[in-house]
Amino acid sequence: MIAHAARDWLAELHLVAAGCGLTTVPASLAPAAPPGVRILSVRGGPEERRRLVLARLPHPLPEPAARLADALRAAAADLDEPA
């Protein structure tokens, strides 16, 4: 049962610190864990996948923004390809 949900890892870590459950976080966030929150490595389970969403206005993108969007799509496609 999910009683609480948050859209960012820092909020999730603070819910954990408040005793409201547990969460997964990338290893890079371990130093940001609030006092009392213990970060454990999980091995052998399925890899967690997250979505990256590019939000924009509905009109044509300016050239720099279009290049950034293309680079993000290419990077995401590279991550989806098997190693």
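This is a predicted model: local features need pLDDT of at least 70, side-chain atom pairs count only at pLDDT 80 or more; totals for chains, interfaces and linings use all residues.

Me: Where does Leu 72 lie?

Reply: Leu 72 belongs to helix H2, which spans residues 63-80.

Me: Is Leu 72 buried or partly exposed?

Reply: Partly exposed: the relative accessible area of Leu 72 is 32%. Buried would require under 20%.

Me: How many helices and strands does the protein chain have?

Reply: Two helices and zero strands. Buried residues account for 8% of the 83 residues in the chain. The chain exposes about 7500 Å², with 59% of that supplied by carbon and sulfur atoms.

Me: Now the charges. How many salt bridges are there?

Reply: The general idea: side chains of opposite charge can pair when their charged atoms come close. Here, with a cut-off of 4 Å between nitrogen and oxygen, the count is two salt bridges.

Me: Which residue forms a salt bridge with Glu 63?

Reply: Arg 67, with the closest N and O atoms 3.8 Å apart. Both residues sit in helix H2, four residues apart, or about one turn of the helix. Arg 67 is exposed, at 51% relative accessibility.

Me: What about Asp 70 and Arg 73?

Reply: Their side chains meet in a salt bridge, 3.0 Å from N to O. Asp 70 and Arg 73 are three residues apart in helix H2, so about one helical turn separates them. Asp 70 is partly exposed at 47%, while Arg 73 is exposed at 52%.

Conventions
Residues are numbered from 1 along each chain as its sequence is written. Side-chain values use heavy atoms; hydrogens and water are left out. Buried means under 20% relative accessible area, exposed over 50%, partly exposed in between (1.4 Å probe, protein chains only). Accessible areas come from the Shrake-Rupley method with a 1.4 Å probe; for residues, only the protein chains shown count as cover.
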